[in-house]
Amino acid sequence: MPEPVDPLALARNIADRLCAEAIRSAGRATWLGDEKENVTGEWEVVHRSVDGDLYGGTAGIGLFLGRIFTATGEERYRTTALEAFAHAVEWCRRTRPSGSLYVGSAGLAAALAEAAGPLGSGALAEEARRITLDAIEHPPAESDFLGGRAGSIVALLHIARTLHIDPAFEAAQAHGAALSGDAITELYPGACWASDTGSDEPPLCGLAHGASGIALALAELAHVCGDERSAELARAAAEYERAWFRRETGNWPDLREYTRTKKARGEAPAFPNFWCHGAVGIGLVRLRQYALTGETIYAVEAETALLSAEKYLALCAEGGVHADLSLCHGLAGLVELFLAGAHVLEQPELHEQAMACVQLAALLGREGAGPWPCGVPEGGENPSLMLGLAGIGMMFLRASDPMVAPIGLPYTANILTSRVIVRLRQGETPIDVQARVQELLQLVPGSRVERISGSGRILLRLAASTPIETAIEALSAHEGVEYAEPDVIDRASSP
C-alpha cells in the first residue's frame with residue numbers, strides 16, 4: 001500500500017518549478033512549453049512561449065500562483081503571479097482578443113478580479129475593470145463555453161459580483177439573449193447550438209464546445225436574474241444531451257467528426273471521460289444544475305457520470321489506458337468531478353475517490369521527480385492551466401484545501417480569499433465575544449468567521465472583492481481590536 005501523498009507539498013513542488021522556469025523581462029513573466037499547432041496543414045508539436053489567456057497562457061498560470069500564495073503566503077508565488085498577469089495584460093492589449101472566457105479577455109478580467117484582493121494589488125482591479133469594458137465591446141461570435149458567449153456569461157457575472165460593474169451584468173444578459181436567439185429547437189429533442197467545427201456533424205454534447213457548457217451559462221444567468229427563458233433553455237440543453245446518452249457505455253458521446261457518412265456506416269462515436277467532452281464535464285454541469293434547481297433528474301445524471309468516471313479511474317490505475325494529468329482531458333478533471341460530487345451530493349466516499357485519483361497522479365508524475373504527464377499529445381511538459389503544470393498544481397491545491405474554489409466550473413462558486421487574524425483587546429471585565437464579532441463583520445461586509453480561540457483571536461475569511469489592506473485598516477481602527485494582520489498559517493486556534 002503506497003504512503004499517502006501530501007497534496008499541498010506537490011502543489012508547492014509545481015509552483016516552485018513555475019517560479020524557477022519563468023522567463024522574466026520588464027516586470028512580466030512567460031513560459032515555454034510544448035503545444036500542438038497547425039503547421040502547413042498538419043498538427044505538429046511545437047515548443048514555444050505561451051500566450052496570455054486563461055486556457056493555455058499566463059492568465060491561467062497567474063491564477064494558480066495567486067491561489068497558492070493565498071494558501072501558503074510564499075512571497076515568490078505572489079511576485080511571479082503578478083509578473084504572469086502583467087504579461088497577460090500586455091498580451092491582451094497587443095492582440096485584442098474577443099471577450100471569451102478561456103481564450104479571450106473576459107477570462108483574463110475575471111482572473112484579475114479574483115486575484116486583486118488576495119495579492120493586495122489595486123492595479124489588478126483597475127486592469128480588470130478596463131479589460132472588462134473591452135471584453136464587452138468585443139463579444140465572441142461563437143456560442144460555446146470555451147471560446148464563446150456561454151463562457152463570457154459566467155466570467156461577466158463573476159466580474160459584476162466582484163467589482164460591481166453594472167455593464168458586465170448587462171452584457172451577460174445580452175449574451176443570454178443571443179444564445180436564446182441562436183438555439184436550435186426543432187430539428188432535435190430539446191435545444192442545441194450549431195457547432196463551429198463543421199456542418200456535417202450534429203451539434204456537440206459536452207462542456208467545452210457543446211450543449212452542457214451553454215446549459216451551465218444559462219442556468220447561472222437564470223439563477224442570478226430570474227430569467228425563465230434561460231432556465232427553460234438550460235433544461236432543454238440537458239434534454240438534447242439526454243437523447244444522445246448511451247446506457248451501454250454509461251456516457252455521452254464526443255460528436256466531433258461524427259459525420260453523416262460515419263453514422264450511415266454504423267460507426268460509433270467515442271465516449272470519453274474528459275472535462276472537455278464526455279462524462280466528466282457533463283457530470284460537473286449536472287451537479288451545478290442540481291445545486292441550483294434541486295431537480296432530481298440532474299442528480300441522477302450526475303451519479304451516472306460519477307460512476308463512469310470511477311470505472312475510468314480504475315482502468316487508469318490498472319494501466320488499461322494511458323492517462324495524462326491535465327484538467328482538460330486528464331486526471332485533474334476527474335478530481336474536480338469527484339470533489340464536486342462529494343460536496344453537492346454529500347457523499348464523503350467520493351472525496352476518497354478524489355484522493356485515490358490524486359494518489360495515482362502523484363505516482364504517474366513520480367511525485368515531481370520526473371516530468372509531469374501533461375495533456376499535449378505526443379508532447380512533453382506544458383506550463384498551462386488546462387493542459388499542463390498550473391492545472392496539475394491546482395488539482396493538488398484543491399485536494400489539500402476544500403476552501404479553494406472549483407476550477408472545473410470556474411467562477412460558479414466562492415473564491416479562495418485572504419484571511420485575517422484579529423486579536424481582541426482584553427479589558428478588566430470579560431467581553432461579549434459574540435457581540436464583538438458581529439461588530440467586526442459589519443466593518444468588513446461579506447467576511448465570515450472561520451474560528452474563534454479561547455484567547456480572543458478570531459480568524460476571518462474575507463470576501464473576494466475585499467482588498468486585505470482595506471480590511472486590516474478598518475479592523476485595526478476598532479477600539480476593541482488589539483491588532484489585525486494577514487494570516488498565512490492558521491494561528492487562531494493557538495492558546
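How many residues sit between β3 and β4 in their hairpin? There are 2, and T40 in that turn has a positive phi of about 50°. Keep in mind as you look around that this is a predicted model. The mean pLDDT of the protein is 91, and 95% of its residues reach 70 or more.

- One stretch calls for care: over residues 489-495 the pLDDT is below 50. In the model, that stretch still has 21 contacts beyond near neighbours in sequence.

- Strand β3 covers residues 32-39 and strand β4 covers residues 42-49. The two pair in the antiparallel sense, over 8 bridges.

**The four-stranded sheet**

- Another place to look is an open sheet of 4 strands, which come in the order β6-β7-β5-β8 with antiparallel pairing. At the edges you'll find β6 (448-452) and β8 (481-486), each of which pairs on one side only.
- Neighbouring strands here are turned by 25° against each other on average, ignoring direction.
- Zoom in on β5 (residues 419-424) and you'll see 5 bridges joining this strand to β8, with the two running antiparallel. For V422, the bridge partner in β8 is A484.
- As a bit of background, strands of a sheet pair through backbone hydrogen bonds, either parallel or antiparallel.

- Helix α16 (residues 433-443) lies across β5, β6, β7 (457-461) and β8. Its direction is at about 145° to β6.
- Helix α17 (residues 468-476) lies across β5, β7 and β8. This helix runs at about 170° to β8.

**Helix α7 and what covers it**

- Helix α7 takes in residues 166-182, which makes 17 residues. At 1.5 Å a residue the helix should span 24 Å, and its end C-alpha atoms are 25 Å apart, so the two values agree.
- Which residues of α7 are buried? They are A168, A171, A172, H175, G176, L179 and S180.
- An α-helix has 3.6 residues a turn, so residues three or four places apart point the same way.
- The cover over the buried residues of α7 includes α5 (122-137), α6 (149-163), α8 (211-225) and α9 (228-244).
- S180 of helix α7 is worth a click. Its side chain makes a polar contact with the side chain of R229, at 3.0 Å. Setting aside neighbours within four places in sequence, S180 is in contact with R229 and L233.

- E114 sits in helix α4 (residues 105-116). Is E114 buried or exposed? It counts as buried, because its relative accessibility is 4%, and the cut-off for buried is under 20%.
- The side chain of E114 also makes a polar contact, at 2.8 Å, with the side chain of R67.
- A291 lies in helix α11 (residues 279-293). With a relative accessible area of 46%, A291 is partly exposed.
- From A291 to Q442 is 151 residues in sequence, and their C-alpha atoms are 29 Å apart in space.

Terms used:
Residues are numbered from 1 along each chain as its sequence is written. This is a predicted model: local features need pLDDT of at least 70, side-chain atom pairs count only at pLDDT 80 or more; totals for chains, interfaces and linings use all residues. Side-chain values use heavy atoms; hydrogens and water are left out. Two strands pair if DSSP finds at least two bridges between them. Axes are lines fitted to C-alpha atoms, for helices over the stretch in contact, and angles run from 0 to 180 degrees between N-to-C directions. Contact means heavy atoms within 4.5 Å. pLDDT is the predictor's confidence in each residue, from 0 to 100. Buried means under 20% relative accessible area, exposed over 50%, partly exposed in between (1.4 Å probe, protein chains only). A polar contact is a pair of N or O atoms within 3.5 Å; within protein, one must be able to donate a hydrogen and the other to accept it, and residues adjacent in sequence count only if both atoms are side-chain atoms. The expected span of a helix is 1.5 Å times one less than its number of residues.
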